[in-house]
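Subject: Structure for you to look at

Hello,

Here is the structure I said I would pass on. Please open it first, then read the notes below it.

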Amino acid sequence: DITVGTVVPTTTTISGSPGWTYSPSPITLMATVIGDFAGVAPTGTVTFADALANNGAGATIGKAPIGLPVNGTALATLSTSTLSSGAHNVTASYSGDTNYSGSTSMAAAVSVIAMKLALSSTSATVTAGQSTAAIPISFSTNPISTSYYYWWVNLSCSGLPAGAKCVFTPGSFDPTFNSTTS
């Protein structure tokens, strides 16, 4: 006797949370694999890839095992900070198992925003016990892209000797494209 097994088709979808990040912060990619075979959820591995890398040839970002099913749906999650600055079309490919065939998601747009914070002055010398006037420092941003909302930049000091105090006025600024704050 010859028994021919049938594997059930699957559907794989992908999402990036929130779909963008600032470099070098990680972004979490999540793949959902859906299949219906007598209440048994898909098992195996999901490979996340950047379809735009290598001049469109694509490149693997990483692999993640499918975790415990949630309501019969299989999930695989990958947190990565290896994507370069710019736009990426990320796909998730499910490998398949003995019950399910593999499938690949449509590409999801993920953006990695590089923002450079440049200082006009990086240090100032103040003698102990000396009261000083404000020391001007200018901050300017040069984000790679102008199509994203940039979060406020909070300014602070570190490595000060005991008794020293550092105050920025204003204490934060909105880094719009090519902005400058003194």
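**What was found**

Leaving out residues up to four places away in sequence, I34 touches P9, T10, T11 and T73. Please keep in mind that this is a predicted model. I34 sits in strand β3.

Next, the core. The largest nonpolar core has 22 residues, and those with the most contacts inside it are L29, V46, F48, I61 and I66. Strands β3 (27–34), β4 (45–50), β5 (59–65), β6 (74–80), β7 (86–94) and β9 (108–113) each supply at least two residues of this core. Which strand gives the largest share? That is β3, with four residues. As background, nonpolar side chains in soluble globular proteins tend to be buried together.

Not counting residues up to four places away in sequence, I61 touches L29, F48, A49, D50, L78, T80, T82, L83 and V90.

T80, one of those partners of I61, belongs to strand β6. T80 has a relative accessible area of 7%, which is under 20%, so T80 is buried. The T80 side chain makes a polar contact with the side chain of T82, at 2.8 Å. With neighbours within four places in sequence set aside, T80 is in contact with S25, P26, I27, L29 and I61.

A search of the whole structure finds one cavity of 30 Å³ or more. The largest cavity holds about 50 Å³ of space. Which residues line the largest cavity? They are T21, Y22, S23, P24, S25, P26, I27, T80, S81, T82, L83 and V112. This lining divides into six nonpolar residues, six polar and no charged.

Last, a loop residue. S95 is found in the loop between β7 and β8 (103–104). Apart from residues up to four places away in sequence, S95 touches G44, T45 and G102. S95 and G44 are 51 residues apart in sequence, while their C-alpha atoms are 6.4 Å apart.

Regards

Technical notes: Residues numbered from 1 in each chain as written. Predicted model: local features only at pLDDT ≥ 70, side-chain atom pairs only at ≥ 80, totals over all residues. Heavy atoms only, no water. 1 Å grid on protein atoms, 1.4 Å probe; cavity = no way out; pocket = protein on both sides within 12 Å on 5 of 7 lines; lining within 4 Å. Points joined across faces, edges and corners; volume = space filled by probe spheres on them. Nonpolar A, V, L, I, M, F, W, Y, C, P; charged D, E, K, R; others polar. Core = buried A, V, L, I, M, F, W, Y, C linked by side-chain atoms within 4.5 Å. Buried < 20%, exposed > 50% of the residue type's maximum accessible area, 1.4 Å probe, protein only. Contact = heavy atoms within 4.5 Å. Polar contact = N/O pair within 3.5 Å; in protein donor to acceptor, adjacent residues only side chain to side chain.
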